[in-house]
Amino acid sequence: MAESKTTKAPLAGNQAINQLAFVVRDIEEACEAFSSLLGVPKPEWFLTGDQEVSKVIYRGKPTASISKLAFLNTPTVQFELIEPNEEPGTMREFLDRAGEGIHHIAFDVESIRERMPFFEESGYSTLQSGEFTSSEGRYVYADTLEDCKILVELLESSVARNTAAAPESLRPLLGTNKVEQLAIVVKDLDLAADAYCKLLGADKPPIIQSGPSETTQVMFRGQPTEAKSKYMFINTPFIQIELIEPGDSPSTWQEHLEKYGEGVHHISFVVDNLDEKIRLLEGMGYPVIQTGNFFNGKGKYAYMDTTSTFKVIIELLERY
């Protein structure tokens, strides 16, 4: 019997998650906000081509889906901002179903035609495909939502995409523009871990249990809580994937699961002087949701309610 294409090899042929893509309602406002957050020049958005140019196929049918796009480069992952039109498409569907937020992660590949069979063998069919309008290339969204709680995009280009970080002409709002983690809340940590390890061709890391309350000292919306949970951290070249299964005590993770279901919960930045950064964000109108110490006592964290502007919760991490 032939060995499976997906055995211990990344489905995309690499582990380099190099893009976080946000669906937004107003790309001008989003460009301004993310430019300030990341300390990079405000990008100029552009409009994708019509169906004749972009050749967008959504759920097997041609569509007149057009989007405004903007890109912001950091030393690690690229931020993509997307404002879709009203025509059928995965971005429009996401905006109508879930609202603004992180729509997909992306991998560069040499050949979509060669890589998609690896996804299809794992049950991940093509959700949407199309052609680039700014350069020679194409993309496809693999329907990984059920297993990975987020879509995966494959990007193929005849020339290397520009992902070089811009010279820092501005100071990042938090003192850094390096995204440390993409965190996903799940109902079953083992199942989600299996999916990500298959996607990345990675060994399954150990499960970490939340620490004792006398160590973690968690405060959720102003009240102490055990914040029971299980975690797993999966490293990739540019960003760490954190999977979180909430327990039965109040926490921001349990709240997210009850309100929105499984999916992206936050992105993280490692900062100096966490208390100072909390005050900075509070002064800008972003309240604290939850604070605590690491399970091993070797650092502390704070979740800030930045969703109104940045479409996702931002976690601040300070390590000792």
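Let's start with the largest nonpolar core, which has 68 residues. A nonpolar core here is a set of buried Ala, Val, Leu, Ile, Met, Phe, Trp, Tyr and Cys residues joined through side-chain atoms within 4.5 Å. Buried means under 20% relative accessible area, exposed means over 50%, and partly exposed is in between, with a 1.4 Å probe and protein chains only. Inside this core, the residues with the most contacts are F119, L154 and L182. Its largest share, 8 residues, comes from helix 6, residues 189-200. There is also a second, separate core of 16 residues, and V56, Y58, F94 and F132 are included in it.

A quick word on where this comes from. This is a predicted model, where local features need pLDDT of at least 70 and side-chain atom pairs count only at pLDDT 80 or more, while totals for chains, interfaces and linings use all residues. Residues are numbered from 1 along each chain as its sequence is written, and side-chain values use heavy atoms, with hydrogens and water left out.

Back to L154. What does L154 touch, not counting residues up to four places away in sequence? Its partners are A12, F107, V109, I112, R115, M116, F119, R138, Y139 and V140, where contact means heavy atoms within 4.5 Å.

Now look at strand 10, residues 151-157, where 6 of the 7 residues are buried. When I say helix or strand, I mean DSSP runs numbered from the N terminus: H or I with at least four residues for helices, E with at least two for strands.

In what order do its strands run? This open sheet has 10 strands in the order 2-5-6-1-7-10-9-8-3-4, with mixed pairing; two strands count as paired if DSSP finds at least two bridges between them. At the edges are strand 2 (46-47) and strand 4 (61-62), each pairing on one side only. Strand 5, residues 67-73, and strand 6, residues 78-84, are antiparallel and joined by 7 bridges, and A70 has L81 in strand 6 as its bridge partner.

Another open sheet is built from 10 strands in the order 12-15-16-11-17-20-19-18-13-14, again with mixed pairing. Strand 12 (208-209) and strand 14 (223-225) are at its edges with a single partner strand each, so one side of each has no neighbour in the sheet. Strand 11, residues 181-185, pairs with strand 17 in the antiparallel sense over 5 bridges, and A183 stands opposite H266 in strand 17.

Next, the largest pocket, which holds about 870 Å³ of space. Of its 35 lining residues, the closest to the centre are A98, E100, H256, Y260 and V264. What supplies the lining? Helix 3 (90-98), strand 7, helix 5 (145-148), helix 8 (252-260) and strand 17 (263-270) each give at least two residues. Sorted by class, the lining has 12 nonpolar, 10 polar and 13 charged residues. Here Ala, Val, Leu, Ile, Met, Phe, Trp, Tyr, Cys and Pro count as nonpolar, Asp, Glu, Lys and Arg as charged, and the others, Gly among them, as polar.The pocket was found on a 1 Å grid over the protein atoms alone, as an open set of points where a 1.4 Å probe fits, with protein on both sides within 12 Å along at least five of seven lines; lining residues have an atom within 4 Å of a point. Grid points are joined across faces, edges and corners, and the volume is the space filled by probe spheres set on them.

Finally, two residues to look up. R59 has a positive phi of about 50 degrees although it is not a glycine, and R59 lies in the loop between strand 3 (57-58) and strand 4. N273 also has a positive phi, near 55 degrees, in the loop between strand 17 and helix 9 (274-283).
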